[in-house]
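Have the sequence and the model side by side as you read.

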Amino acid sequence: QVQLVESGGGLVQAGGSLRLSCAATGLTFNTYTMAWFRQAPGKEREFVAAINWSGRSTDYADSVKGRFTISRANAKNMVYLQMNSLKPVDTAVYYCATAKGPMRWVGVNSPVTDFGSWGQGTQVTVSS
C-alpha cells in the first residue's frame, strides 16, 4: 500500500521561503512521476508541480514558475518542493501525489484522475 507523508509546512511571512518534503513508501519510487498539489479554503485542488521518475523532466503551474522548484532523491524515496518568494495567495494545504502507475508522465494538463495516491497534506500559511 502506497503511503505518502508530507512535512515542512508552517507559517511564513510574504517573501519568505519554505521547503516541503514528502516521504513515499509502498511503491518502486524511482519509477513514478511525483507531483505537488494545493488546495486553498473554498477552492478546488490545483496542480503545482511534477517531476518524472528520473528527475530529468519537470512541470509547473504558471502561478509558481520561477518561484517554486520540485526535486527528488530516489535513494531516499523523497520528493521536495522548495518555495521561494512566497505570497499570501500561496496559502493552502499542500499535497504530495503519485502518478497512477509506473513510468507514466503526468503534468499540469493531466486530469486529477491520472494521479493515484495522495498524502494527508501539510498546511502552508503566508502572512502579508
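What follows covers a sheet, a disulfide and a loop residue.

Please keep in mind that this is a predicted model.

Four strands make up an open sheet, arranged in the order 1-3-8-7 with antiparallel pairing. At its edges sit strand 1 (3-7) and strand 7 (68-73), each of which pairs on one side only. On average, neighbouring strands of this sheet are turned by 15 degrees against each other, direction ignored. Strand 7 and strand 8 (residues 78-83) are joined in the antiparallel sense over 6 bridges, and Arg-72 stands opposite Val-79 in strand 8.

**The disulfide.** Searching the whole structure turns up 1 disulfide. Its partners are Cys-22 and Cys-96, with sulfur atoms 2.1 Å apart. The link of Cys-22 and Cys-96 is left-handed, with -80 degrees about the S-S bond. Because Cys-22 belongs to strand 3 and Cys-96 to strand 9 (residues 92-99), the pair ties together parts that are 74 residues apart in sequence.

**The loop residue.** Thr-33 lies in the loop between strand 3 (18-25) and strand 4 (34-39). A polar atom of the Thr-33 side chain lies 2.8 Å from the backbone oxygen of Arg-104. Leaving aside neighbours within four places in sequence, the contacts of Thr-33 include Trp-53, Arg-72, Ala-97 and Trp-105.

Are these residues buried or exposed? The table gives the answer for each.

| Residue | Relative accessible area | Class |
|---|---|---|
| Cys-22 | 0% | buried |
| Thr-33 | 0% | buried |
| Cys-96 | 0% | buried |

Notes
Residues numbered from 1 in each chain as written. Predicted model: local features only at pLDDT ≥ 70, side-chain atom pairs only at ≥ 80, totals over all residues. Heavy atoms only, no water. Pairing = 2+ DSSP bridges. Helix = DSSP H or I, 4+ residues; strand = E, 2+ residues; numbered from the N terminus. Axes fitted to C-alpha atoms, helices over the stretch in contact; angles between N-to-C directions. Buried < 20%, exposed > 50% of the residue type's maximum accessible area, 1.4 Å probe, protein only. Polar contact = N/O pair within 3.5 Å; in protein donor to acceptor, adjacent residues only side chain to side chain. Contact = heavy atoms within 4.5 Å. Disulfide = S-S within 2.5 Å.
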